[in-house]
Amino acid sequence: MSEQCTVEFLEIPLADGTVRATRHESPIDGPQPVVLIYTPYHKDDLSDTRSDPMVGFLTDAGYEVIVADAVGTGASEGLVEQPFTADEGRHGAAVVEWLAEQSWSNGRVGVIGKSYPGTMALEIAAEAPEGLATIVPIHAPAGIYDAYFDGGTLAFLRTCGQWAPNFEYLPLQPPVHRDVGVWAQRWIDRLNALKDRKPYLFQYLSHLEKDKYWAEKDVPISDVSVPTLAVGGYRDTFGGGTLDYADRINAPTEVIIGPWRHAMPEQGETARIDFLGEIKKWFDDHLRDEGGRESRPEIRYWTERPTEDDRLNGEWRAGETWPMAEDDVVSFDFAPNGLVEGDRLADSQLDERTPAGTPTGGTTDRWDVDYGVGHASIGFEIPGATDLDTAPDDNRSLTYETGVLEDAFELTGSGEVTLEVVPDGPSQLVAIRVIDVAPDGRGQLVTHGVRRAELDGEIDPLGEPGATPRRLAPGEPHRVNVSLRPTSHVFEPGHTLRVAVSGAFFPYVSPPEGSAGFSLRTAGSQCHLPGKFHDRSPTFNDGYTFDHPGDAYDEPATPEWETTVSHATDTVTVSVAQSFEKTLPTATFNHETATKASIQRDKLTTETINRQTTTTLSFPTETVVSRISNSVNRSFATMLYTVERDGENIYRERKRAAVNR
């Protein structure tokens, strides 16, 4: 990256406050297009955007790159009371309009962001500010409830052990740059305001179903009318949401979706692409007069093709639509002897295992409580992690298999499973995992879905409250439809397609109170998978080629994580820890997190998760250590805040809330 002229503490006036931003000045003379990153993640320390390869790349490419702390965060004023509000879009839209009017701007602004900043890009676009020409949201949710309550069920590890606690330690940190005389007062004001703010986690646990609180947070995606490049990942938390919102935007929209976890497409475990080159071409086309970008397919996606030697093998493909379960689909019946393609089910497959009194052609299979199921399938939920062999989970689930495949089966799209369950209790979590079983017996998670069965109706309609719980009748059959996350995967000849059904997926989601064991009636239960069988192993004629990524990004930090089982107490534990250090212009920033979730296999009441986050800002004159410790069990959630300056405690606050799940 070449030398840049960086202007610190750019102040952008709003009607109700001031946004502080960093301007990374274009090396080209005269007005240039502007790229905005509007973020709640502290431009000066946590994000450290001056060393962000994307910021440097776009600046060197001639763009004015502005990184702004959202109102109530970082160097900007105030404290945000709750996340994902309409104010975020309005504030960001005002920033866009201000930028478009500056003498160094050509009047065209693009907004880009990953995760929450990506959602802010969507929120800003929905406000239709003057000067906004395009957006690039990456791994960003537009339906907010679904992001933290998958299938109406609390996303336990993500919400309680990862995301929500982040927004409690951020306000504790002082501004890194102290060139503005009021920096200390802004910090003090924010700490004082934090005492009265209800933690985001407590807010979430007070709204377990999609009510007005959540409905008001959904992005009005149909109001987005600028060209959009939407990026998502099969293993990312928000991958399904990417395809959903992209389909609703009323403007030219392209999608890139790969096998990534919550990582930039140049940093994924596999399928890495020259993403910086892609966004430069996109911005050149929409922010400059010359344009000239060749047209692309509406969706470019990665198809996984694992082999014995390379489980990450695959290829890029392209198309115009994303298949759903109502499109070209293969339906598999849950049959007495496994999983059978619907039109191939024969009378000979109705064997003597069918119990008396069950519907003809079906069995009634029993899942006994094991709340630890899921710990061997959780790799997708941990950024930087890898997939594990799913066998420990499969062995404790109800499993249905095709048998060894002679012809490859291609699953490309978003599938659905329909089950008839007989619950033991008034509530029921239903978890589905689709597994590719290799010839050596190793299981690889392909896609999954969960649903809180007592939510009868649409769980997460966009912009509206969703279904409310209706207690199930124990011992009575109940039909459950479970949507599967999008993916593209080839089950090669010699492999087996397995569907695993359980009432737990720990610590991915937390079963609702009253969820227990259940029986599953195979008659009428089906798995609907968009895709088709191929003769032997397929050769695709819709391949696509991306440029190879450069070396702008460092290798992403790998978390320390492990899953353990105590044979003395039959307790399953998942632990995740990660740390990194950054050298900033005025300080050194150290960040450490540790999360531990545990549960006894037969006791839902033992479910707990603990998270501790410690950040250290070491200035030449002092050291500030901020720490957040939070704990969630079935009865209570607690938060402990502390700030130390040179070893002296200057802030301490403890908050506790009752939990009714």
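How many bridges pair strand S19 (residues 429-437) with S20, and in which sense do the two strands run? The legends below begin with the sheet that holds this pair. The model shown is predicted.

**View 1. An open sheet of four strands with antiparallel pairing.**
The strand order in this sheet is S16-S23-S19-S20. Strand S16 (398-404) and strand S20 (443-452) are the edge strands, and each of them pairs on one side only. On average, neighbouring strands of the sheet are turned by 15° against each other, direction ignored. S19 and S20 pair in the antiparallel sense, over nine bridges. Within this pair, isoleucine 432 has glycine 449 in S20 as its bridge partner. Strands of a sheet pair through backbone hydrogen bonds, either parallel or antiparallel.

**View 2. Arginine 451 in strand S20.**
Is arginine 451 buried or exposed? Arginine 451 has a relative accessibility of 16%, so it counts as buried, the limit for buried being under 20%. Threonine 228 is 223 residues from arginine 451 along the chain, and their C-alpha atoms are separated by 31 Å.

**View 3. An open sheet of seven strands with antiparallel pairing.**
The strands follow the order S25-S26-S27-S28-S29-S30-S31. Strand S25 (560-566) and strand S31 (648-658) stand at the edges with a single partner strand each, so one side of each has no neighbour in the sheet. From one strand to the next, the twist averages 10°. Helix H5 (residues 156-169) lies across strand S27 (588-600), strand S28 (603-618), strand S29 (623-632) and S30. H5 runs at about 30° to S28.

**View 4. Two hairpins, one joining S29 to S30 and one formed by S30 and S31.**
S29 and S30 pair in the antiparallel sense over nine bridges, and the hairpin between them passes through three residues. Isoleucine 628 stands opposite tyrosine 641 in S30. Strand S30 (residues 636-645) also pairs with S31, again in the antiparallel sense, over ten bridges. Phenylalanine 636 has alanine 658 in S31 as its bridge partner, and leucine 640 has arginine 654 in S31. The hairpin of S30 and S31 has two residues between the strands. Aspartate 646, in this turn, has a positive phi of about 50°. In a regular strand the side chains alternate between the two faces of the sheet.

**View 5. Tryptophan 163 and the nonpolar cores.**
The largest nonpolar core has 119 residues. Which residues have the most contacts inside this core? They are Leu36, Tyr38, Leu99, Ile135, Tyr148 and Trp163. Apart from neighbours within four places in sequence, tryptophan 163 is in contact with Tyr41, Pro83, Phe84, Tyr116, Tyr148, Arg158, Tyr200 and Tyr204. A second, separate core has 32 residues, among them Phe332, Val417, Val430 and Phe518.

**View 6. Arginine 261 in the loop between strand S10 (253-258) and helix H10 (275-287).**
With a relative accessibility of 7%, arginine 261 counts as buried. The side chains of arginine 261 and glutamate 269 are joined by a polar contact of 3.2 Å. Neighbours within four places in sequence aside, the residues in contact with arginine 261 include His139, Arg235, Asp236 and Glu269. Its contacts also include Gly379, Phe380, Ile382, Pro383, Gly384, Ala385, Thr386 and Asp387.

**View 7. Helix H10 and its buried residues.**
H10 has 13 residues and reaches 18 Å from its first C-alpha to its last, close to the 18 Å expected at 1.5 Å a residue. The buried residues of H10 are Phe275, Leu276, Gly277, Glu278, Ile279, Trp282, Phe283, Asp284 and Leu287. An α-helix has 3.6 residues a turn, so residues three or four places apart point the same way.

**View 8. Valine 329 in strand S13 (residues 329-335).**
Valine 329 is partly exposed, its relative accessible area being 33%. Besides neighbours within four places in sequence, valine 329 is in contact with His528, Leu529, Pro530 and Gly531. Cysteine 527 is 198 residues from valine 329 in sequence, and the C-alpha to C-alpha distance between them is 9.8 Å.

Note on methods:
Residues are numbered from 1 along each chain as its sequence is written. This is a predicted model: local features need pLDDT of at least 70, side-chain atom pairs count only at pLDDT 80 or more; totals for chains, interfaces and linings use all residues. Side-chain values use heavy atoms; hydrogens and water are left out. Two strands pair if DSSP finds at least two bridges between them. Axes are lines fitted to C-alpha atoms, for helices over the stretch in contact, and angles run from 0 to 180 degrees between N-to-C directions. Contact means heavy atoms within 4.5 Å. Buried means under 20% relative accessible area, exposed over 50%, partly exposed in between (1.4 Å probe, protein chains only). A polar contact is a pair of N or O atoms within 3.5 Å; within protein, one must be able to donate a hydrogen and the other to accept it, and residues adjacent in sequence count only if both atoms are side-chain atoms. A nonpolar core is a set of buried Ala, Val, Leu, Ile, Met, Phe, Trp, Tyr and Cys residues joined through side-chain atoms within 4.5 Å. The expected span of a helix is 1.5 Å times one less than its number of residues.
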